[in-house]
Structures are given as structure tokens and as C-alpha cells.
Amino acid sequence: MARFITHFLTVLVLALIAGAGPARAQNAPDAQDTPETFEQRVAEWNETAERAEETLRNARASNEALEILRSDVAATRSEALEIIERGNIETLTLKARLEALGPPPAEKDAEPERIATQRKALQEAIAIADAPVLTARQAHNRAEVLIEEIDKLIRARQRSELLARDPSPLVPTYWLPALSEVSAYLGRVLDELGDIVTSPTQGALMRQRLPLAGLLSAIGLFVLVFVHPRAMRRLEAASAAATGAIRKRGYTGLALALRLVLPATGAGLLAVAFLSLRLAPPSAKSLDAVAVTLALLLVIAYWLAHAVFAPSQPERRLVEQDDQTAMRATWVALALALVLGFDAILEAMERDFQFTPASRSVMAAIVVVPGSLLLWRLAGLLRTPAQGSDKAGTAQAAGDEAAISLTGLTARALQLAAALAILFSVAGYVQIARQAMVPMVLSMALLAFCLSVYHVLTGTVTRLLGGHQPDERVAVTLLPFAVGLLVLIASLPAFALIWGARIADISEVWILLTQGVEIAGIRVSVGVVFTLIAVFVLGVFTTRWLQRFLGTTVLPRTRLDSGGRNAVLTGLGYAGITLAALIAVSAAGLDLSNLAIVAGALSVGIGFGMQAIVSNFVSGIILLVERPIKEGDWIEVSGHSGIVRKIAVRSTRIQTFDRHDVIVPNSDLIAGTVKNMTLTTQTGRVIVPVGVAYGSDLEKTRQILLDAVRDNDMVLSYPEPAVLFMGLGDSSLDFELRCFLKDVSNVLTARSDLLFTIYAELNKAGIEIPFPQRDITVRNVEDLARALLRSHTETEADGAANAASRAADP
């Protein structure tokens with residue numbers, strides 16, 4: 001248990017170690033060391049490597065010694081890598097001079113003697129100057145191998161310890177010997193404590209410290225018993241009575257802070273009082289560390305339980321539960337802290353006393369079984385829905401919803417860990433049982449802390465953003481995911497340490513992230529990726545701001561129409577994003593020349609597999625440059641007619657008059673035939689066909705049509721409207737009324753108004769609008785008449801015969 005606490009606290013130091021990187025870089029090895037200094041450094045590297053090789057051959061060193069040796073080898077690797085990365089200035093200058101001579105000629109071509117001599121001399125000088133870098137690269141590779149072997153040895157030992165099997169604690173014959181060993185250990189500790197108290201020297205010193213220890217203990221108890229409860233009750237009452245949201249949040253935050261500070265102060269005073277007595281006997285050397293660990297566990301468990309479950313403040317409860325369930329969960333959290341404290345005591349006892357394997361198994365079961373039962377109980381409380389809430393409909397519905405939620409998954413993980421811990425403990429696998437129970441409890445504590453931090457950060461940033469504008473509302477909706485992801489990434493090292501990772505593993509990951517990996521000749525690291533993303537995002541933000549500025553301030557004052565302004569803004573956006581990408585790549589220090597071969601190979605596949613996309617992309621650029629079609633135009637293409645709403649880099653969106661959106665590939669607009677009704681002007685002609693009956697007054701008809709046009713405001717007076725006599729139809733005299741509209745988009749409305757007016761005026765004038773008429777000519781009428789008469793006569797004869805037969809029938 002103490003090992004986990006130590007590892008967890010070490011994570012907090014990693015940030016300081018990372019921040020001290022620049023300071024260490026000042027003392028890093030310089031590529032311009034003198035030959036003597038560099039030789040001394042190489043000798044130190046070799047000495048460390050030989051010591052590591054000897055240790056690995058013997059394989060007798062403890063894990064602690066191996067960790068120290070590994071840190072020394074890692075320091076050697078870092079120094080060598082620094083020299084490799086920084087290189088040698090003299091080497092760089094020599095290579096620059098060599099490049100100035102140009103590429104060497106082919107074998108069959110002769111090079112001038114003077115240039116050939118210079119080239120050879122420069123190559124020899126580069127080989128001499130490159131020697132330190134080559135030596136450093138050898139030392140770096142050697143250190144890499146040694147570090148890998150040390151890690152393998154440590155992991156093998158840890159795996160053996162984890163899989164070691166002790167006798168099962170279910171065997172009753174092991175119980176009394178275990179109790180006897182514990183009694184013997186405690187008796188020895190008590191005897192040594194008695195010797196300390198009765199010792200003339202140590203006893204006198206203890207009695208001198210006793211008043212101070214008593215005073216500290218009294219103050220600590222006073223803070224825990226009197227100050228803390230009263231302060232919490234007053235702050236909670238003030239928070240409940242507060243009317244303003246800011247005041248309420250202030251009281252809540254102060255209460256949460258004091259709930260940590262006051263118990264920590266009281267427990268810290270009690271721990272300091274105990275440590276001041278210096279009562280740790282030789283048989284219990286870890287007693288002081290256990291006292292501090294126990295106080296720390298209780299304070300953290302108390303604060304986290306009240307931060308997450310909040311039994312006395314339901315309005316800020318992070319887990320949806322009723323008050324009774326929240327109080328039970330709080331007590332279970334405190335009980336788990338006591339179990340962890342007891343586990344730390346047992347570990348200290350095992351370090352200070354040589355217990356038999358059977359006794360260790362029994363002692364571990366005393367910790368694992370209660371801890372597992374508490375985990376199972378906590379899982380049940382987490383899955384209990386709040387009474388009166390929407391989730392309390394049916395037990396089955398609540399169980400299904402909890403199963404798919406984060407709380408439900410956490411509860412199932414707790415139950416699985418509890419069951420595995422008990423099973424492995426019964427089987428005698430003590431370390432596996434502890435590994436299933438203790439890390440799970442610590443993970444729950446860390447998860448509760450992350451949940452609290454996530455809640456605070458989300459609420460704070462949401463209030464700062466506001467979310468009044470549409471873009472801000474989108475950002476606010478994405479905020480919980482972004483904050484949760486950041487909190488999760490920040491907590492990953494702590495989770496890794498809790499579940500058995502070593503500090504060296506975390507440092508290796510950090511080195512890998514900071515130094516990066518080489519891909520196709522390009523070294524990619526966290527710093528490079530962060531710089532790339534930050535510069536690109538800044539460039540995109542600047543482009544968007546410039547687009548908004550031009551669109552609202554500069555372009556409206558020009559003579560460009562809306563389509564031209566949109567084309568300028570779209571082109572600026574594409575250019576800005578491209579420029580931002582190039583600047584980001586340059587700022588990150590990426591050399592993309594090494595990817596030229598890969599890009600050339602991919603271009604072949606792109607040319608065949610993505611030729612349609614490339615064609616549409618090029619067509620989109622042509623549309624933006626030539627502007628045969630612009631946003632707001634009324635066009636007809638591929639059987640679709642509508643208004644152009646957006647011209648993108650791959651396709652164009654057209655909205656039909658039925659309010660349907662049609663996505664047309666840009667290549668169809670460039671390679672196909674497009675009818676643009678509003679390319680150069682908004683005016684357009686409308687043709688209204690009219691037919692009147694034969695015998696109508698033609699001049700009167702013509703005048704009626706022209707008067708209908710003059711009374712319509714949508715029709716232009718110039719070009720003048722015209723009435724054309726188109727022909728003599730089958731049923732009517734056909735006319736066409738042709739006129740031009742101010743806005744061709746109103747063609748349907750104008751046609752309808754004109755038809756209404758024309759129909760009404762023609763009716764008033766008595767001019768008939770005919771319907772189709774046909775003359776039918778029937779040939780051989782006489783033959784048809786004789787046939788009909790014959791048929792009629794035959795029908796009458798048949799009827800008379802039938803009547804006679806019916807009369808004769810009796």
C-alpha cells in the first residue's frame with residue numbers, strides 16, 4: 001500500500017522534472033567539448049555500461065539497485081542523444097562547403113584536379129569531425145540495449161512475485177500459527193516500546209516531548225471535533241440561504257475547500273504529535289510512515305466522498321442518488337480507506353518481521369475479504385437509482401440504463417475486482433488478490449478526483465464562454481468532451497502507476513513523447529505535433545477573422561455583387577488554410593522532402609483512384625476564378641432548375657423551387673451545358689400563349705393583351721411588349737404575348753397575373769376562348785341503317801317465339 005502511495009505522489013514530481021528540462025539542458029553535454037573532455041565523458045559512459053553488463057550477468061542485484069543502475073544508463077543515453085541531435089558545427093560547415101562543390105561527376109566524366117582535391121580533403125575532414133557523433137551513436141545504442149535488458153529482468157521478477165502461490169487461508173490449521181506469529185511480533189514491538197519508555201535517555205527525551213505532543217493532539221482533536229463540523233454546518237446553511245448564483249457557488253466552493261483543509265490540519269497535527277514522540281521501535285521501523293499514510297488516506301477519502309456523493313448537499317451531488325444512499329456510500333468510502341490503511345500496516349509488518357507464507361496468506365485474507373465486500377457494497381450503492389427520479393420507474397429499466405452508463409460500468413468493474421480478489425485470496429495468490437483489490441480502490445479514488453476536477457472545469461469554462469452566439473453554443477456543447485479528454489490524458493500516468501507501472505516506464509513514455517519517433521526520415525514528437533496544431537489553428541482563426549472583416553467592412557463598399565464577394569471570401573479561405581498548413585509545417589521543423597518518393601508513388605494511385613475528385617476540385621477552382629456561375633444565380637443543369645446556394649471546392653449546392661437541395665459535381669458545371677438565367681442580368685422574357693375563337697375581333701384582342709401588360713408592375717416598358725399572331729389553329733386563332741420582366745425569378749408569378757387579367761378582360765369583351773372541336777364524317781350510312789333494321793326484326797321474332805313456348809308449357 002505504501003508503495004502505491006509513494007508512486008502516486010511521485011507523479012506530482014514529474015511535472016517539476018519536465019519543467020526543469022530547460023535548466024538541465026544548460027548543463028547538457030556540448031557538441032563542442034574538447035577532445036580530452038569528450039574522451040573522459042566516453043570513459044564514464046563505458047564504465048556505466050560495463051557495470052550494467054556485469055550486474056545483468058550476475059542477476060543478483062535487488063530491484064532497487066537495478067532501478068538506480070537503470071537511471072545511470074538512461075542518463076548516459078540522454079547525453080549521447082543530445083550530442084547526436086545537436087551534431088557538430090564544424091561538421092555542418094564542412095558539409096555545406098562540400099555541397100557548394102556540387103554533386104560528384106559520373107565515373108566516365110573527369111573532374112578538374114583542383115575541385116577533386118578539395119572534395120577529397122573535405123570528405124576526410126568530415127569523417128574526422130563526425131567521429132564524436134558516431135561514438136555517441138554507439139553509446140546510445142548500447143544504452144538502449146542495456147535499458148531494455150534491465151527492464152526485462154525487473155519485469156520477470158515482478159511477474160514471479162505476482163504469480164507466487166502461498167497456502168490457502170481456508171485451511172484452519174494455518175490460523176493459530178498465524179495468530180501466534182502476529183502475537184509474537186506485537187509482543188516484541190511492545191517490549192521494545194517498554195524499553196524505550198523506561199530507558200533513562202530515550203524515556204527522558206520522550207517525556208520532554210510529551211507536552212508538545214499533547215498540545216498538538218489537543219489542537220488537532222479540537223479542529224476535527226468542534227471547528228470542522230460547525231464550520232461546515234454554517235457554510236452549508238449560508239449556501240442554502242444565498243439567493244445569487246455567484247454567492248451560492250462561492251459558499252459551495254469555500255465549503256469544499258475547508259472540508260479538505262480542516263481535516264488535513266487536524267489529522268496532520270495528530271500525525272506530527274505522534275512522530276514527535278519518536279516511538280518507532282527497531283522491530284517496527286515503518287511505523288512512522290504507516291501513521292502518515294493512514295492519516296493521508298482518511299483525509300483524502302473523506303474529502304472525495306463529500307465531493308462526489310455530497311450527503312448533506314444534494315444540489316451539488318455528482319452521482320444521482322438520494323440522501324440515504326449518498327450517506328451510505330460516504331461511510332463505505334471511509335471504511336475502504338481504513339482497509340487500505342490496515343493493508344499498509346500489514347505490509348510494514350511483513351517488511352519488519354519474517355512471517356511464514358501461510359501466515360502471510362491468512363493476514364492478506366483479513367484485508368482482502370473485507371475490502372472486496374466493501375467494493376461490492378459500493379458497486380450496489382452506485383447502481384441504486386435516486387428515489388423519485390425518472391430513473392426509478394422499474395428495476396429492470398434502471399438496471400439496463402445503469403449497465404450502459406459510466407456509473408454502471410464502474411459498478412460492474414468494482415464487482416468483478418471484488419470477486420477476483422476473493423477467489424485469488426482463497427487460492428493462495430496473495431499478490432494477485434491485493435493487485436485486484438487495492439489498485440481498484442485507489443483507481444476509484446483517482447476517478448472521483450478526476451470527476452470533481454471535470455465538473456469544476458466544465459462549469460467554469462461554460463460560464464466564461466456564455467454560449468449566446470451559435471458558434472459559442474456549438475463550442476459549449478463540445479466542451480464536456482474536450483475537458484473530459486484532457487482530464488483523462490492528464491490522469492493516465494497516475495492510473496498506470498496505480499496498476500503496477502514503474503516510474504521508469506512513465507519516464508520512457510515521456511522521453512518517447514518528447515523526443516519523438518522517426519517516420520520516413522521525419523522525427524515526430526509531442527512538441528512537434530503541438531506546434532503543428534497550434535500554428536495551424538492560429539492560421540485558420542486568422543483566416544476566418546480576415547474573411548469576416550472583409551465580408552462586413554471592405555467588400556460591401558466595393559462594386560462587387562454578392563456572388564463576387566462570396567468568390568473572394570471563398571478563395572481567401574482556401575488560400576489562408578493552405579498557407580496556414582505550410583507555415584505550420586515549417587514552424588514544426590518538418591522536412592517533407594524525405595516524403596517526395598512516397599508522395600510520387602501515391603500520386604499514381606491518386607491519379608487513377610481519385611481522378612473524379614481531382615476533376616471536381618479543379619472545376620471548383622475554375623468556377624471561383626471565371627465565375628460563369630455564382631451564388632444566387634438561377635440555373636438549369638442536368639435536368640434540375642434552381643438557385644445556386646453554395647459553390648464548394650468539390651460540388652455546388654442548388655436549391656430547387658420545391659425547396660429541395662441538389663448537389664451537383666463541379667465537373668458537370670464545367671464540362672456540361674448549363675443554362676444560367678441570371679448570369680449578366682436579372683431581366684428575362686416571358687411568353688404567354690393565348691387562343692381566341694374564329695370570328696373574334698383581332699385588333700380588340702391585341703389591344704386587350706397589350707393593356708394587360710401595361711397594368712402589370714413586374715413588366716418592363718422597354719423593350720416594348722409585343723403581340724404576335726402565330727397562326728390559324730384547329731380550333732382557335734393563336735396569339736403570343738411577349739414581354740420582359742424586371743426580375744426573371746418572378747416569371748411564374750407574372751405569367752399567372754397576366755393570365756388572370758387576360759381571361760377576365762376577354763370575357764368582358766365577349767371574346768370566346770374556344771375548346772378543341774372536331775367534325776366526324778360517317779360513310780355508308782344506308783348499309784348501316786339496313787343492318788340495324790335487320791337486327792331489330794330478328795330480335796322481335798325471337799321474343800315472340802319465346803313467349804309462345806312459355807304459354808304452351810302447362
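This is a predicted model: local features need pLDDT of at least 70, side-chain atom pairs count only at pLDDT 80 or more; totals for chains, interfaces and linings use all residues.
Guide: Welcome! A salt bridge here is a side-chain nitrogen of Lys or Arg within 4 Å of a carboxyl oxygen of Asp or Glu.

Visitor: Which residue forms a salt bridge with Asp151?
Guide: A partner for an Asp has to bring a side-chain nitrogen of Lys or Arg within 4 Å. In this pair the closest N and O atoms are 2.7 Å apart, and the two residues, in helix α7 and helix α4, are 81 residues apart. The partner of Asp151 is Arg70.

Visitor: Is Arg70 buried or exposed?
Guide: The cut-off for buried is under 20% relative accessible area. Asp151, at 6%, falls below it. Arg70 has a relative accessibility of 3%, so this residue counts as buried.

Visitor: How many residues apart in sequence are the parts that Asp166 and Arg360 tie together?
Guide: These two form a salt bridge, with their closest N and O atoms 3.9 Å apart. Asp166 lies in the loop between α7 and α8, while Arg360 belongs to helix α13, so the parts they tie together are separated in sequence by 194 residues.

Visitor: What is the distance in space between the C-alpha atoms of Pro132 and Ala80?
Guide: Pro132 lies in helix α7 and touches Phe38 and Ile83, leaving out residues up to four places away in sequence. Pro132 and Ala80 are 52 residues apart in sequence, and their C-alpha to C-alpha distance is 9.6 Å.

Visitor: Which strands stand at the edges of the open sheet?
Guide: The sheet has five strands with antiparallel pairing, in the order β6-β5-β4-β3-β7. An edge strand has a single partner, so one of its sides is left without a neighbour in the sheet; that holds for β6 and β7.

Visitor: And which residue in β6 is the bridge partner of Ile654?
Guide: Strand β5, residues 651-656, runs antiparallel to β6 and is joined to β6 by five bridges. For Ile654, the bridge partner in β6 is Val662.

Methods. Residues are numbered from 1 along each chain as its sequence is written. Side-chain values use heavy atoms; hydrogens and water are left out. Helices (H or I, at least four residues) and strands (E, at least two) are DSSP runs, numbered from the N terminus. Contact means heavy atoms within 4.5 Å. Two strands pair if DSSP finds at least two bridges between them. Buried means under 20% relative accessible area, exposed over 50%, partly exposed in between (1.4 Å probe, protein chains only).
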